[in-house]
Each structure stands twice: as structure tokens, then as C-alpha cells.
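Dear colleague,

Here is the structure we spoke about. My notes on it follow below.

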Amino acid sequence: MKKTGRQLFQASLMIAAGLLLVFILAIFSDVLYWDRYLRAYTFNTFVEHPFPTVDRLYPQETVRGAAAPFSFPYAEAQSRTISSAALDKAAAFAEASDSTSLIVSHKGIIQLERYWKGEGPAQVVYSFSMHKSIVALLVGIAVNEGHIDSIDDPLAEYLPEWQGDPREQITLRHVLQMNSGLQPMSFPRNPFSKHVKRQIGTDLAGVALSFRRQDEPGSVFSYNGVNPTLLVMVLERATGQRYAAYLSEKLWQPVGNEDASVWLDRPGGLARGATSLYAKPMDWLRIGQLLLNEGWANGVQIIPEDWLEQVTTPSPTNPRYGLLTWIGTDYVEQRTLEAFKGFAAIAETPFDAGDIIYFDGLGGQRVYVIPSADLVIVRTGVLAWEWNDSRLPNLLLAGIVGVAAGED
């Protein structure tokens, strides 16, 4: 028995040594990935430190802005078109909900610009999923320029890796509407999981292409970061340009934004279209104003008007979602996403404007656009476990001077 016990002990040591060797080899074969995993793979990291830092989220690629950024006019106190009481209430709510910035523009004129927690106008913010809506705008530009024939094209026309595969029935429209039928994403701790590698891995394209088809395309809404990743791949292959360069040339510079950056999976690699566009709050305001102006900025039609209509048209599988963009036409008290357990967007009351459009980043990062009121609101901040979506828009809508009297 002693000999058997000794043999078992030796065998156990050999297995442990083998596993340790495999782990060491895995680390040395992809140092960047393991560095990210060991130092940054936790939601608490973002809750405690919600701002982009190069040591956690690197490498980054610059999105060049305009040589002379566009500057909004500011309303003097006596000429504001939103009441001081409403602006004060909005600022108080923003501060109480751990916001780092709040900017309000009415009729193209800034009514309020506030920063908290030591931040200021020069601080870039971690936008989370607000980036997805930017991807949708770029797809519309690429269609307008003829790089993409139609969003009803199968992805396999641009991703030949899927030809002859059940996934070849998935179209660009499906991924834009988040009903592609691909396996839903999740957030396990296992470092060898493709779900973790989709978030922080160094072969984002390979991982995205590995997601299998689970449902009939167009049948089920499933919020999935793989979808915008695939669209970034399509944009790069269709245009022949790197994503950051196309974003800079076709959108960022034309609206008059400042330099921004995107997080890459590895040096020279793929941009993360599901998240991680680092820009200043004022840059987000200019994008919101672009939507408000039906795609026009600085005298140029940047986004085709018919494309914006598609972006804001409810999809067949979710009446609150268009093309990678949320819309407020259908009231729901609590909006949760199956992949983000613990985070929720609530709305104590319906939106007071039925035409609201909004970019939604995790934990309350928002750009609200309300065409009927000529209103744009940008809010960024520490992750909110429950974000009240209707509070800021409704507070500010109620304060627009002249609305109660029926004035224009």
C-alpha cells in the first residue's frame, strides 16, 4: 500500500507539474492577454476606476480629429432657453448619481456644462457600448459610398470564412439589429473561454468568427458584442482602410471633433467596436448634434438622412432598438440585458418625448437626442448599477422655456 501511495503521490506531482508548465507556456505565448487578464479582468475595476488608462486598456490607436474643433455657442444666464430650475435639478441628479460630466444643448446652444470628481473638459471618457452606435453610423456611410452594396447582404460576402456554413444566412441587418442568431455572450472567469478572449484577447477577429449560430437569424434579440466586432471587420475589408482611419476621415473630422482613440486587441490589430472609444464629452455632444441635424454638420451631409431613419426604426425583435442604437418609442419600466446581470436601466416614467434616440453605454453612459425638442444631453460617470433613463430627459424637457405656453 505504501508503494501504491507513493506512486499516486508521484503521479499527482507529475500532473501538477505538467499543468503548471502548460500554464507558464500559455502565459509566455500571449503575454499581453495574460497581463490584461491578471490585472484588469473584473467589473470592479471599472466600477472603482471608470476612466481609460493605458496600463489597463492598451494598445490604442489614434482617431485623428479636426485641426480646428467645432465650438458650440454658450447661452448667457439671461438668455437660456431651459429654465434655471430645470438645469439645477438635472445637475443635482447627475451629481447624486456619481456623474463625471453633464452637457445640455438646446437649439445648438449649450445651456449647461458641468464636471465632477476632479474631471474636466479635457478628460476622455470610457464610453462602453456608446461606441456601437458609432459603428452603425459608419456602416451607413460605407453603404452610401458604395463600399457595401446593401445591409441585406450576407456577412459571408465580406467574411469568406463563413461561406458554406449555416452562418452564411446572417446578414449585416441581422447584426445591426442584434438578432444575428449567434451564441449569446457571457462573462465567465475561465481565462481559456472565448467569451473572455472576446473581451480582452489578442485575436479578436478569430474569436468573433468562432461564434456558432444558435438561433434562426432575425428571430431573437440578443445583445451581443460579437455583432459590432464583425461589422468592424466588414468595414475594414470593404473600405480597405483601418477602422480608426475611416472613422477619422468620414465622421470624426467632419463633425469637428478632437483626437480620440480606440482600443486594439494587439499592436496593429482590430479595434473593439463593441466598446472602448475614448473621446471627450464634448465630442459626444457633436455626434448627438449631428443626429439632431439629420446628418448635417458644418454645411456638409455626413450621414445620409435615409440611413438615420433606418437607424431609428424599431427592429422586428425589439421595439426599443434600431440599428445598434436605442430608441424610446416603447415604454418599459426596467430594461435589462441577459448578458449583464446586475446592471439595469430603469425608467420610473415614460419618456416625455416619443422620438428620443440614445446611445447607451454600460452603467449610465448616455447621449440622448430628442429631435422634437431640439435637445441633446450627454452624461458620463461612474458605473450605475441602476440607471434611471427617463429622469434627465424629462427634467430638462419640462424646463424648456415656452413649451407649457405652447410657444415654439
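Strand β2 pairs with strand β3 (residues 109–115) in the antiparallel sense, over 6 bridges. Strands are DSSP runs of E with at least two residues, numbered from the N terminus, and two strands pair if DSSP finds at least two bridges between them. This is a predicted model: local features need pLDDT of at least 70, side-chain atom pairs count only at pLDDT 80 or more, and totals for chains, interfaces and linings use all residues. Residues are numbered from 1 along each chain as its sequence is written, and side-chain values use heavy atoms, with hydrogens and water left out.

Why is β2 described as largely enclosed by the rest of the structure? Because 8 of the 8 residues of this strand (residues 99–106) are buried. Buried means under 20% relative accessible area (1.4 Å probe, protein chains only).

Elsewhere, 4 strands form an open sheet with antiparallel pairing, in the order β1-β5-β6-β4. Its edge strands are β1 (60–63) and β4 (125–126), each pairing on one side only. Strands β5 (residues 260–263) and β6 (residues 277–279) are joined by 2 bridges. V262 has L277 of β6 as its bridge partner.

Best regards

Methods
Buried means under 20% relative accessible area, exposed over 50%, partly exposed in between (1.4 Å probe, protein chains only).
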